[in-house]
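Trainee: I have a structure open and would like to learn how to read it. Could you walk me through it, please?

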Amino acid sequence: MQFLEQFFGNLGVHCSRAVAPECRHWGIQHLRAVAPRCIPAVLLVFLALVGVMPAAAQQYEYERPVSAAPTPEDIGEGYAIPQVQFHPPRAQWREALDVGVLLVGLGLTALVVLKWRSRWALVLIVIGSLVYFGFYRQGCICSIGAIQNVVATLADPQAVLSWYVIAFFFLPLIAALFFGRVFCGGVCPLGAAQELILVRPMIVPRLLDQVLSWGKWVYLGLAIYFAARPAAERDFIICRFDPFVGFFRLSGPLDIMLLGAGLLLLGMFIGRPYCRWLCPYGALLSLCSRLSWRNVTITPDKELDCGLCAEACPYGAIRDLRADLATCVACARCYDKCPRHRVQRTGGQAPAGDAP
Amino acid sequence: MADEQQRHTRREVLGHAARGATLLGLGGLASYLVLKAGPEGAWSINAQKCVNMRPGAVGVEACDRCATQCVLARSAIRAVNDYDKCGRCYICPAHFDVSSAIDKNGLPSAKLCPRDAIERKPIGWVDPYDPANNFYEYIIDEEKCNGCGKCVMACKEPAGLSSLRLTVRHDLCLDCNRCSIAQVCPDDAYQRDPA
């Protein structure tokens, strides 16, 4: 009753101005008497309710039907609870395969550059590395980023490192002690992207090149500093600012993608801007390469100072007609342009028009 | 001439020595790390922190950062149904959008999963005239799921039995040093587990 009264009271407010003052305080006993005068309003409300009701009725009043999971006996018919989906982590043999590909890549690059001196064969290796380490492995595992993992593990007694990352950090360095920066030349996918995009190499003024190349030491220092901090404050800046990994994954933060696009655009005219001026692993490799056992050599026997090799080197790694072991990234462009080498390649016949 | 040769050899000896020393240093460092080596920790989602999973967080919008922030084109996160907890409801609040209109079969007309990744099939002894009292298995198609967490949020006490959870597919996860999901997780639930 109370409810009805209230309801019609509310209704009364609606029709109060238009109809009658008694509508305002309807008692249920007055209902019959005053109803006819309020009919339009009641009709309106009724229509509105009819309009709204179907939608309200369709709203599912959800309530959980069970209080516990049914047992296989409840379900019956010999039902067995299925296995929950589970996928084990990446298999060890795949990690071993990655290390194997790295070793083969380093070995092949050394063979192709130092022994065969073949540019086109190197380009094949570079494409292979770009596909495998770049697009297939999506830029992870990466020797450059491994610097920070190694430093973090050395600084933090709790941190551990898998043999996989250890291998990717040390093998290219050891290879550089023997054959120079074959990792940069043939295996590194970041180097590969820049190597392949270099269409119109321009020579960078020596002084500018030298000043800019300090950048990689600064970057290395920052990387070590941020990796050596306590776990909560550790910041993997090499991974965070990796300019090309977004292209391998076809997604990434906009600012880093723009940085990468800028470097690639620059890299069309200036040889490997990231490797030469920014790459912290390149800094470590250049130290090892300086001490290398075998490396790229320019005309060691008979002197022929045509200088075509120096002009062909987009990285400024040939100084006074000798390869600068620290900066040479074993790209074999110099051999490709060497007239004597061409003569050897074409079976002792000098090319008709002669080089360049 | 002899002097020249001698200088040459001395230089070579020095070179060998420097190379040997560096090799020893690198080898020492590597063997120290190898001795310390072990399985590295992996990224995982803490169910007590994640808003989609933690008990009590109901009636809020599901957080989809696991689906949107992963560096992979399709996230390495998947929803998983723990079958021993699942109530096998006739109308599952994670499979159906229970706020949608009822269709002619008396079931909600819309699915909750935006990718339609949850399959529903009757199990056990099926009474075709009383579908409401049958049990239903809800199977997540991992090829469709991207870990948006809507179903996980929906199947939570009191609406569901919290049988759904989000997991990291470790065969897909690139194990980034700097996980981009962890950077933006609002509950700090995405963390690196010690192995």
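Mentor: Let's start with burial: a residue is buried if 20 or more other C-beta atoms lie within 10 Å of its own, exposed if 12 or fewer, and partly exposed in between, with C-beta atoms placed from the backbone. In chain B, 33% of the 195 residues are buried. Please keep in mind that this is a predicted model, where local features need pLDDT of at least 70 and side-chain atom pairs count only at pLDDT 80 or more, while totals for chains, interfaces and linings use all residues. Residues are numbered from 1 along each chain as its sequence is written, and chains are lettered from A and ligands numbered from 1 in the order in which they are written.

Trainee: Which strand pairs with β5(B), and in what sense?

Mentor: Two strands pair if DSSP finds at least two bridges between them. Strand β2 (residues 77-81) of chain B pairs with β5(B) in the antiparallel sense, over five bridges. In one of these, Ala79(B) has Leu166(B) as its partner. Four of the five residues of β5(B) (residues 164-168) are buried, so this strand is largely enclosed by the rest of the structure.

Trainee: How many residues does each chain bring to the contact?

Mentor: Two residues are in contact if their C-beta atoms, placed from the backbone, lie within 7 Å. Chain A brings 46 residues and chain B brings 51. On the side of chain A that touches chain B, α6 (143-155), α7 (163-179) and α12 (237-240) of chain A each give two or more residues, and α7(A) gives the most, with six.

Trainee: And what classes of residue make up that side of chain A?

Mentor: Ala, Val, Leu, Ile, Met, Phe, Trp, Tyr, Cys and Pro count as nonpolar, Asp, Glu, Lys and Arg as charged, and the others, Gly among them, as polar. The side of chain A that touches chain B has 29 nonpolar, twelve polar and five charged residues.
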